[in-house]
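This briefing covers aromatic contacts, helix packing and backbone geometry in one protein model. Please read it alongside the sequence and coordinates.

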Amino acid sequence: MARPFRISVSDAQLHHLQQKLSVATFPDELDDADWDMGVPLGEMRRLVTYWRDGFNWRQKEQELNESLNQFLVPITVTGFGDLDIHCLHHTSQNPNAVPLLFIHGWPGNFLEATKLIPLLTKSDETYPAFTVVAPSLPNFGFSSAVKKKGFGLVQYAEAMHNVMLALGYKDYVVQGGDWGSIIARVMANHYSDHIRAVHLNFVPVIPWKNPLVFLRSLLTIPFSTDDKAHLSATLDYLMKGNAYMRQQETRPQTLGYALHDSPVALLAWIYDKLHSWTDSYPWTDDEILTWVSIYCFSLAGPAASVRIYYEAARNDASSAGPGMSTADAISKPTPGNVKLAVAQFKKELIQVPMSWAGLAGSVVRAKNFDCGGHFAAWEVPELLATDLRNFLGRNGQAYGAVSGKDGY
C-alpha cells in the first residue's frame, strides 16, 4: 500500500554539503570562452557562493512538501525484488479523469511534472481532466537504489507499470521525454493491454532499420526547410553534444566518484545540460539549485542515476529474462492499438522529419512547435499540457482511449 512521504534531508547531510562547498576550488578558464567550452567560471563561482551562503534548502523542502502529494509505492521488479518508488500522485476532482503516467529522464526528475499538474488536473468543459502520477525512476530522487547489474529498460518499464497497478490504474496513458519517452515505448510493447495512448516530446528513431521507409523518404519525399533544420540539429547533437552520453554508457562508475564526492562537479555536470538543452529558458538560481539538490540528496546518490545509460546501451539478459537496448527500443514500433502523439519542440536534442515519426508506431498526432527545448514540461508547460489535452480530448485523435473513461 502506498505510504505518504515527505522530503526530509538530515541536518548531517546539509552540514556535509556546506563543508564541501566551503573548501571548493576552481580551475582557470580561457579569455572570452563564454559557454563554448562548458559552464563559465563566473557562473560556477556565483552559483556555488549562493548555494553555500544564500540558498535555503529547508524553505524549498517545505514548499515541496506543502504543495505536492507525495507517496512511496512498494512494488516488486522481477529478478530485483522489492523497491519503494517515490511518486507524486495528484487526483482530479473529475471522477472520469484520465490516469496519466509522467516519466522523467536524465538529468530530469519529478520536479518537471510540477508545472503540468495544475494545468492537467483541473476540470474543463472542453478538455479532459487528468489524474497525474509522476514517479522518480529507480536510482533517482527518493526512490530505492538498485544494487544489482542488469536493471535495464525492461526493468524500468516494469517498475513504472507496477506503480500504476499498485495505485489502482489498470488502464492509463503515458507522457514522456528523454528516457521517459524510451521507457514509454518499451512499456507500450510490453503492456499494450493496459496502455491506451502515449504522448512523446522526444522521438529518436533509426530510419534505416526500415529500409523501405528510409529510401522512400530520401528518394521520393523532398525534405522541407523544417525537415532539413531538424536533421541539422540532430547531426550537431550527435557530433558535438553527446560526449556525456558516451561517458555515462561506458564508464559510469568512474564519473560517479566526481558526482558523488563533489557538489561542484555535480552542479557543473547538470547545469551544463539545463542551460544548453533549453530554448533560452531563464533559469533562476533557486530553480537550478533545487534541481541539483534533488540529485545531491537522492536516496541512491547522484552516481546511481547515470547507470541507466550503461544498462540501456546493452542487450544483456538478466535473471528477469531478455533485455532491451536503446537501439532495440527505438527500432521496434509500438503496437497498433496504442495511439501515439509526437510533440517536437524547437530546441529538442534529436529532431526528425515528421515522415519518420511513424517509425515509432501508430502516430495519429504530430506537431512541431516553434519554441521550447528538451525540458518542455518545465519550459513551456502550457504548450505541452494543451497538446496532451487536444490529443485525448473530445475531438482528439485518442479520445476515449482509456477504457471506461471519457475524461469529462
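W277 and F375 are both buried. They belong to a predicted model, in which 20 aromatic pairs are counted. The points below begin with these rings and then turn to charges over rings, helix packing, the backbone and one lysine.

**Aromatic pairs**

- The rings of W57 and F297 have centres 5.3 Å apart and planes at 55 degrees, so this pair is tilted. The angle falls between the cut-offs of 30 degrees for stacked and 60 degrees for edge-to-face pairs.
- W57 is part of helix α3 (residues 57-67), whereas F297 is in the loop between α12 (285-296) and α13 (302-305); the pair therefore ties together parts that are 240 residues apart in sequence.
- Both members of this pair, W57 and F297, are buried.
- The pair formed by W277 and F375 is stacked, with 6.2 Å from centre to centre and 25 degrees between the planes.
- W277 lies in the loop between α11 (263-276) and α12, and F375 in the loop between β9 (362-368) and α17 (376-379). The pair thus links distant parts of the chain, 98 residues apart.
- W277 and F375 also belong to a cluster linked by ring pairs, together with W106, W179, Y244, Y281, W283, W291, Y309 and W378.

**Charges over rings**

- R314 is placed over the face of Y310, at 3.7 Å from the ring centre.
- K367 has its charged end over the ring of F369, 5.3 Å from the centre of that ring.

**Packing of α11 and α12**

- Two packed helices are described by the angle between their axes and the distance between the axes.
- For α11 and α12 the angle is about 130 degrees, and the axes are 10 Å apart. Helix α11 is therefore oblique to α12.
- The crossing of these two helices, α11 and α12, is right-handed.
- On the α11 side, L266, L267, I270, Y271 and L274 take part in the contact; on the α12 side, they meet I288, L289, W291, V292, Y295 and C296.
- W291, one of the α12 residues in this contact, is also a member of the aromatic cluster.

**Backbone geometry**

- Most residues other than glycine have a negative phi, and most peptide bonds are trans.
- The peptide bond from W106 to P107 is cis, with omega near 0 degrees. P107 is located in the loop between β4 (98-103) and α4 (117-121), and W106 is one of the residues in the aromatic cluster.
- D34, which is not a glycine, has a positive phi of about 50 degrees. D34 is situated in the loop between α1 (11-22) and α2 (41-53), and its relative accessible area of 53% makes it exposed.
- S280 likewise has a positive phi, near 55 degrees, in a residue other than glycine. The loop between α11 and α12 holds S280, which counts as exposed at 68% relative accessibility.

- The relative accessibility of K60 is 15%, under the cut-off of 20%, so K60 counts as buried.
- Apart from neighbours within four places in sequence, K60 is in contact with F55, D286 and T290.

Technical notes: Residues are numbered from 1 along each chain as its sequence is written. This is a predicted model: local features need pLDDT of at least 70, side-chain atom pairs count only at pLDDT 80 or more; totals for chains, interfaces and linings use all residues. Side-chain values use heavy atoms; hydrogens and water are left out. Rings of Phe, Tyr and Trp (its six-membered ring) pair if their centres lie within 6.5 Å; planes under 30 degrees apart count as stacked, over 60 as edge-to-face and the rest as tilted. Helices (H or I, at least four residues) and strands (E, at least two) are DSSP runs, numbered from the N terminus. Buried means under 20% relative accessible area, exposed over 50%, partly exposed in between (1.4 Å probe, protein chains only). A charge sits over a ring if NZ of Lys or CZ of Arg is within 6 Å of the ring centre and within 35 degrees of the ring normal. Axes are lines fitted to C-alpha atoms, for helices over the stretch in contact, and angles run from 0 to 180 degrees between N-to-C directions. Angles under 35 degrees count as roughly parallel, over 145 as roughly antiparallel, 65 to 115 as roughly perpendicular and the rest as oblique. A crossing is left-handed if the near helix is turned anticlockwise from the far one by less than a right angle, and right-handed if clockwise. Contact means heavy atoms within 4.5 Å.
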